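Hello,

Below is the structure we discussed, followed by my notes on it. Please read them alongside the coordinates.

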Amino acid sequence: MQMHQAKRVAIIIEAPMRKRLEDAFQEAGVTGYTVVPVLGGSGRSGRWSSEGQVGLSGGMVQVICIIRPDRLDQLLETTFDLVERHIGVVSVSDCEVLRAERF
Amino acid sequence: MSEILALATANIVSPIILSFVLGLAAALARSDLTFPEAAAKALSIYLLFAIGFKGGVSVAGHGVDGKLAATLLSGILLSALLPFLAYALLRLLSRMDRMNAAAVAGHYGSISIVTFLAGSSLLAQRAVEAEGYMVAVAAVMEAPAILTTLWLVSRGGSSRVDAGLLREILLNGSIVLLVGAFLIGWLTGAEGMGKIEPFIGAPFQGVLCLFLLDMGLIAGRGLRRSRGVLGAGALIFGIVMPLIGSIIGLGAAVLLGLSLGGSVLLMILAASASYIAVPAAMRVALPEADPAIYLTLSLGVTFPFNLTVGIPVYYVLASYAIGGF
């Protein structure tokens, strides 16, 4: 089976910033992504959990996208201004996909 | 003083307050009792819809008087101006930096709808009626404080408010639901109430108990994780600011000529601190501000204070000012 190289970008960010991050993805031409709820965790800002939360402020979400390697820099530049000041983690990893034309 | 003690005692042993205490104690004792996020949100939607609808039905039944517009305007002014006072008081009492002080101040201009619900519950127990439109006043008091906070922070610098944030602030889900349910109740009146009363009437207190259990869990977890975050000055602020806010609210209520019930609710609105709408806006606009400070103060200090001691105190003060004792 022919596989193609791609980049997997996973951004964990505060829930109130989700819409803005999705807009930044669109601006960078990334129209395919997945938003994943996260239950809780711990980081430089202390422990947090989504349990029982009514408002958005205490929660985090993870936004994952898979893109062609040549589009990575533009995506990171577009999203950097947004994520720079906020709690969260940006990670990039290599992956392989079956249908390259979809990314 | 004896009236306050008697009312506070009766208030504390009510199921809703004891549910909050249970949640608080469970979290502080590190129990694994938790509420699923979706369940907490569903309870919140139910309560907002029910209180909004009941307010609208009340207005439909009693009609609109000239005080409605004046009370709404007073609510907007209170929400917009209280953060200035809170900011100055916090800077005076603690060594908190400008950014965090402004973020905290915004919470104290906005409102806690659960405190409002608890106050409404106390009024219902004592068969004291309030103006139905106080629900609408609660809704209009959510947002102005956020704008004041952002102005406080961006003085002399670039604005922190963009069109997207402004839309999120003004069309916050709880505001839309509260106002929308209020309008539905107003339009459909007693007939509408007759159709859904079994759903929004009888279960209301039980749902409020569960919601306060969850609030107790959140407050307890927040207090446990934020130990040492607040200094003595900030803690004093968390108790003194609601008292000052309530007095200002009472002054406004007297000037407006509100009933005893309406006065108590306006005091509660002026005394309470947000922990839903404002923190979300602060995370977007002021990410540099520490959420552990403002959430611990509003949810861990002021909310329990208002729930247990504040509401009875406000009731007694309003009773003396308006008449009722």
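A127(B) is exposed, with 7 other C-beta atoms within 10 Å (exposed means 12 or fewer such atoms, buried 20 or more, partly exposed in between, with C-beta atoms placed from the backbone). A127(B) sits in the loop between α6 and α7 (134–140) of chain B, and has a positive phi of about 55 degrees although it is not a glycine. Most residues other than glycine have a negative phi. R30(B) also has a positive phi, near 60 degrees. R30(B) lies in the loop between α2 (15–28) and α3 of chain B and is exposed, with 10 other C-beta atoms within 10 Å.

This is a predicted model, in which local features need pLDDT of at least 70 and side-chain atom pairs pLDDT 80 or more, while totals for chains, interfaces and linings use all residues. Residues are numbered from 1 along each chain as its sequence is written, with chains lettered from A and ligands numbered from 1 in the order in which they are written.

Helices are DSSP runs of H or I, at least four residues, and strands runs of E, at least two, numbered from the N terminus. In helix α6 of chain B (residues 113–125), 11 of the 13 residues are buried, among them F116(B) and L122(B).

The contact between the chains (C-beta atoms, placed from the backbone, within 7 Å) takes 20 residues from chain B and 15 residues from chain A. On the chain B side, α3 (37–62), α11 (204–225), α14 (277–285) and α15 (291–322) each supply at least two residues.

Regards

Definitions and conventions. Two residues are in contact if their C-beta atoms, placed from the backbone, lie within 7 Å.
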